[in-house]
Amino acid sequence: MCGIIGCVGGDGTLDTLMHGLSKLEYRGYDSAGVALVGNGGLDVVKKAGELDALRETLETRTVSGTVGIGHTRWSTHGPPTDANAHPHRDCSDRVAVVHNGIIENYQELRDELAGSGHTFDSETDTEVVPHLVEVGLGSGLDAEAAFREAIERLEGSFAIACVIEGTETVFVARNDSPLVLGIGDDATYLGSDVPAFREFTDKVVYLEDGEIACLTADGWEVSTLDGTSVEKSVETVEWDAEETGKSGYDHFMLKEIHEQPRALRQCLQGRVDELAGEVTLEELGDLELDRVHLVAAGTSYHAAVYGAQLLQAEGVPAQAFFSHEYASSSPPTEDALVVGVSQSGETADTLAATRAARRRGAETLALTNTVGSTMARECDHVLYIRSGPEIGVAATKTFAGQQVALNLLTLATTDGETDRDVIAALRDLPSDVQEVLDTSQAEAVAEELLDSDAYFFIGRGLEYPVALEGALKMKEITYEHAEGFAAGELKHGPLALVTGNTPVFATVIGDGEMARKTIGNVKEVEARDAPVVAVTDGQSDVERYADYVLEIPETHPRAAAVLANVQLQLASYHTAAKLGRSIDKPRNLAKSVTVE
C-alpha cells in the first residue's frame, strides 16, 4: 500500500515529486504530501483527498528545495485527514518522514515519547519516527546516526524515507516493504515502485530487508543497520516510461484490458515450440513437481485455483491456499513445491507464506510480473509472466498472464497427452483475445443490466475461478454486490437470493457433461426470472436459454477460460463506467498490498 517518491539533485525537485506521486496513485489515494529541504529550511505540504487536492494547495504556497520526499497514502492507522497525511514531522519541525507498512510497536514508542514531552498531531504509527530521529539529534548524534538509531527501535514492516533540515541527503530504510533507488546522471531517486521515477532514469538498485541507504545528488551508499557497507548491482529496467501512460484510453484499466494480446505474446515468447510440441522454461532448469501448493490472495488466488486444476488434470497433487491463512497454519511442506502467485511480488501475505514454507524446508517458486521484486529474489525459482507495467488497481492483464504462465509451468513440468492441443490453443490465444476485444457486446449488456440488485457469476471446472474473478472485478470497480459460485453450489443455498433483478453470468464452454450440468443451473435461475448472460463458445446451445450472449472463439478449454475472463472484465468495466465510478482508483483499495 501507499507510494513513496524521493529525489536529491536535478532540476525542479517539486515537479519531480509531483510527477512521481501521479505515477504512484494506484498504490494509495486517500491523501498526499511532500516535504522539501532548501535554503529556507524544511517545507511540508500535505492534504487529504486525491492528488489534485495537493496540487491545488501547492498553488497557494511557495515551496522550494533540492532535496525532497513525497507520499500518497492508503489509510491504515487513522482516517484520511490532513493531519494523518504524510509526511510527518517532529516537534521542532526539523525532520520529515514518509512511511509504508505498519510499525507494530508504535504505541509503546508513542507512550514513551509523550512521557518525555513530545506532542503528536496525528493518529498514525508513522509519526513516532521523526520524533525518534529528533531524540537522536538532541543527544548530539549526526543526521545519519540519529536516523539509524530511530530505525533500530522499530518493529514491523516499513519502507521509510527521511529528510532533515540542514542536510542534503535522503535517508532510507527498508524492512518487508519494497523500495527501489533510481540512479540518474545528476540526481538520485527513490520510489516504492519503478514508475515513480522511470521517466528520469532506467537504472535501478533494489534494496533488501534490513538495508539503509543515504542518497545525495552525487551518488548513493547502502549499508546494513550496523553500518556494514553493502555492494549493490545497478540494473536496467527493460520497459519504456510511455508504457505507464494511458495512450489515449479513458482509464488505465481499459488500456490494460486491450494490452492483453501483446502481454500474452510476451509471456509465450521463446518458451513454446509448437513444431516440437514442447514448452521449455529454462529459468526452472529440471524442476520436478511431486506435490504443489499454490499460495496467493485476491485475483492471484483465483489464478492459483485455476493453476491447481491444471496440475491436478495432469496427475500432480496440487492445492490452492489463501496465503494469509497458509502462513499461520500451513500444512507440511517438505515434499511440496510452494508457488507464490503475486503480480507485484511484494504482497505481504504471500511473502509470509513463501517464507514460512522455506523455514519448513520446502522449495519455492515465485510466479510474478515484477522483475527484482522481493519474492522473485527470495524464492528458489522465479517464473515471470512478462505482462509489462499494470497501473490500474483492478488486475486484468496480469491475471491473464498468470493463467498462461501456469499453463506453461504445467506443460513444462508434466507429460500430458494433450500438450500439442494446448500449445496450439496458447499460440492462438493473443489473436483470440483480440477477436473478443473487437467484437464484444459487453457494453450493451452492461447498459441493459445497470440497475440490478446484485450480479452472480457461475462456472464449473476451469470456469469456476473465472466466475470468482468476474465477481471480484464487478465488486472492485462498480461497488455493486457481486458473488461468484461453483455452478453446482447455486442450488445449495445461494439460489434463495436469485430474483428477477439478479442477473447471472454463466460461463459455459464446450458441449460435454460439465456444460450440460451448467445449463441445468441456468434453467434453475431462468425459472426464477433471473436475466441470464451466457459467456460461451457456442458449442452447448446455452444461447437458447440466455437473455444475453457474450461469445468467445472456440478453442481448448484451458484457453477458453482466459477468453471468458476477458468478456467479464469488459462487462465490469462498462458497468463501472456507466455508473461513473473511479475505475482506476476504487475506494478503499490499493494496487500492492504490502501489509498483512
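Predicted model: local features only at pLDDT ≥ 70, side-chain atom pairs only at ≥ 80, totals over all residues.
Salt bridges were examined first. The count comes to 29 salt bridges. One of them joins aspartate 176 to arginine 355, with the closest N and O atoms 2.7 Å apart. This pair links distant parts of the chain. Aspartate 176 sits in the loop between strand S8 (170-175) and strand S9 (180-183). Arginine 355 belongs to helix H10 (residues 348-359). Aspartate 176 is partly exposed, because its relative accessibility is 28%. Both partners also take part in a network of salt bridges, in which they are linked with Arg174, Asp209, Glu346 and Glu378.

A second bridge connects arginine 558 and glutamate 314. Here the closest N and O atoms are 2.7 Å apart. This pair, too, links distant parts of the chain, 244 residues apart. Arginine 558 is in helix H17 (residues 557-579). Glutamate 314 is in the loop between helix H8 (299-313) and strand S18 (318-322). The relative accessible area of arginine 558 is 7%, so this residue is buried: the cut-off for buried is under 20%. Glutamate 314, at 21% relative accessibility, counts as partly exposed.

A further bridge is formed by aspartate 428 and arginine 427. Their closest N and O atoms lie 2.8 Å apart. Aspartate 428 is partly exposed at 28% relative accessibility. Arginine 427 is partly exposed as well, with a relative accessible area of 44%.

Charge also gathers on the surface. Glu104, Glu108, Asp111 and Glu155 form a patch of negative charge there. Within this group, glutamate 108 is placed in helix H3 (residues 106-115). Glutamate 108 has a relative accessible area of 53% and is therefore exposed, since exposed means over 50%.

The structure holds seven aromatic pairs. Among them is the pair of tyrosine 301 and phenylalanine 322, which is stacked. The ring centres are 3.8 Å apart, and the angle between the planes is 20°. Tyrosine 301 lies in helix H8 and phenylalanine 322 in strand S18, so the pair ties together parts that are 21 residues apart in sequence. Tyrosine 301 is buried, with 14% relative accessibility. Phenylalanine 322 is partly exposed, at 38%. Elsewhere, Tyr189, Phe197 and Phe200 form one aromatic cluster.

Note on methods
Residues numbered from 1 in each chain as written. Heavy atoms only, no water. Patch = residues over 30% accessible without salt bridge, like charges linked within 9 Å, V, L, I, M, F, W, Y side chains within 5 Å. Areas by Shrake-Rupley, 256 points an atom, 1.4 Å probe, with all protein chains shown as cover. Salt bridge = Lys/Arg side-chain N within 4 Å of Asp/Glu carboxyl O. Lys, Arg positive; Asp, Glu negative; His and termini not counted. Charge placed at Lys NZ, Arg CZ, Asp CG, Glu CD. Helix = DSSP H or I, 4+ residues; strand = E, 2+ residues; numbered from the N terminus. Buried < 20%, exposed > 50% of the residue type's maximum accessible area, 1.4 Å probe, protein only. Phe/Tyr/Trp six-rings, centres within 6.5 Å; stacked < 30°, edge-to-face > 60°.
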